[in-house]
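Subject: Structure handover

Hello,

Here is the structure I promised you. Please open it next to this email and follow along.

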Amino acid sequence: MFFSYDDVGSAFELFTLPHVLAVLGFAILPIFLLIRYQDKIRTSKHERTIRISLAMAGMLCEWSLYAWYLFNGITDWRLILPSTLCPLTLYLSAYCMVTLDRKYASIVYFYSYGAFFSFLLADVVHGFDRFRFYLFFLIHASIFVNVVYLRVVNKVVLDKPAKRNAQRFLFPFILGSMALNELTGLNFFYLKWPPFEDFPVFQQVYDVHWIAYAVLCIVCYYLLIEIMGGLAVLLKIDRSV
């Protein structure tokens, strides 16, 4: 039952105790520990091992999700295939953690807002007594851990060129997602129809025309990158963003 797909157990509800505890345990605590012990990690002879282990832990969680689908008899690749910004950010951040590629590491921060919204407005139906609940939060927590690690431990610079690269890098994924949505009928990058009821304005625009909705989503993606740049300034991460 713990690994069930159809039986969601104690159905998840936003802003309940399990949700709050998940945010504290999977997001806030790891970030606090990384910031608190950043100097010790940076100067440790095991820093590379720690960095790669964290990256692989996140990927193991992501791959466990695919295995969970298959275990429950879900074989439709359209349901299993990663289709949103968060998997892209997870894969890219894990690559940067393993290779310490500073070019891409400097832009991955600007995509981490997806993980923030996933914690805030968790798109999961399974409760705390189901495996899927923990996978959801662990996967998104891995994005936070990778991004914070690259910044505070490896001192990756977040500047205006990095922000521009993040904007350019995202564009082909948006175009590809729109093409795949038309070919498969799926909702890659949420560009085909609104996935949430929390923001009725998206549904209202969608009711006018789905293209207008897609344009609104694209504008929001790029606006959020700008907000992440402003947040970096407010937090004094890099004054030049």
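**What I found**

Phenylalanine 15 is exposed, with a relative accessible area of 52%. The cut-offs are these: buried means under 20% relative accessible area, exposed means over 50%, and partly exposed is in between (1.4 Å probe, protein chains only). Phenylalanine 15 sits in the segment before H1. Its phi is positive, about 65°, although it is not a glycine.

A word on the model. It is predicted: local features need pLDDT of at least 70, side-chain atom pairs count only at pLDDT 80 or more, and totals for chains, interfaces and linings use all residues. Residues are numbered from 1 along each chain as its sequence is written, and side-chain values use heavy atoms, with hydrogens and water left out.

**The overall fold**

The protein has eleven helices and zero strands. Helices (H or I, at least four residues) and strands (E, at least two) are DSSP runs, numbered from the N terminus.

How does the radius of gyration fit the chain length? A compact globule of 241 residues would have a value near 18 Å, and the protein has 18 Å, which agrees. That radius is taken over C-alpha atoms, and the globule rule is 2.2 Å times the number of residues to the power 0.38. Along its principal axes, the C-alpha trace spans about 50 × 40 × 30 Å.

Of the 241 residues, 44% count as buried. Residues 24 or more positions apart account for 73% of them.

The protein exposes about 12600 Å², and carbon and sulfur atoms supply 68% of that area. The areas come from the Shrake-Rupley method with a 1.4 Å probe; for residues, only the protein chains shown count as cover.

**The core**

In soluble globular proteins, nonpolar side chains tend to be buried together. A nonpolar core here is a set of buried Ala, Val, Leu, Ile, Met, Phe, Trp, Tyr and Cys residues joined through side-chain atoms within 4.5 Å.

Which residues of the largest nonpolar core touch the most other members? Of its 67 residues, they are Leu85, Tyr111, Phe137, Leu170, Phe189 and Tyr221. Several helices each supply at least two residues of this core, among them H1, H3 (47-71), H5 (85-99) and H11 (210-234). H8 gives the most, with 16 residues.

Look at leucine 85. Leaving out residues up to four places away in sequence, leucine 85 touches Tyr111, Tyr113, Leu170, Phe189 and Tyr221.

- Alanine 11 lies in the segment before helix H1 (17-36). It is partly exposed, at 47% relative accessible area. Not counting residues up to four places away in sequence, alanine 11 touches Val125 and Gly127. Alanine 11 and methionine 97 are 86 residues apart in sequence and 34 Å apart in space, C-alpha to C-alpha.
- Leucine 79 is in helix H4 (residues 77-80). It is partly exposed, at 45%. Beyond its neighbours within four places in sequence, leucine 79 is in contact with Tyr69 and Ile74. From leucine 79 to tyrosine 69 is ten residues in sequence and 8.6 Å in space, C-alpha to C-alpha.
- Lysine 155 lies in the loop between H8 and H9. It is partly exposed, at 43%. Its phi is near 55°, a positive value in a residue other than glycine.

Best wishes

Technical notes. Contact = heavy atoms within 4.5 Å.
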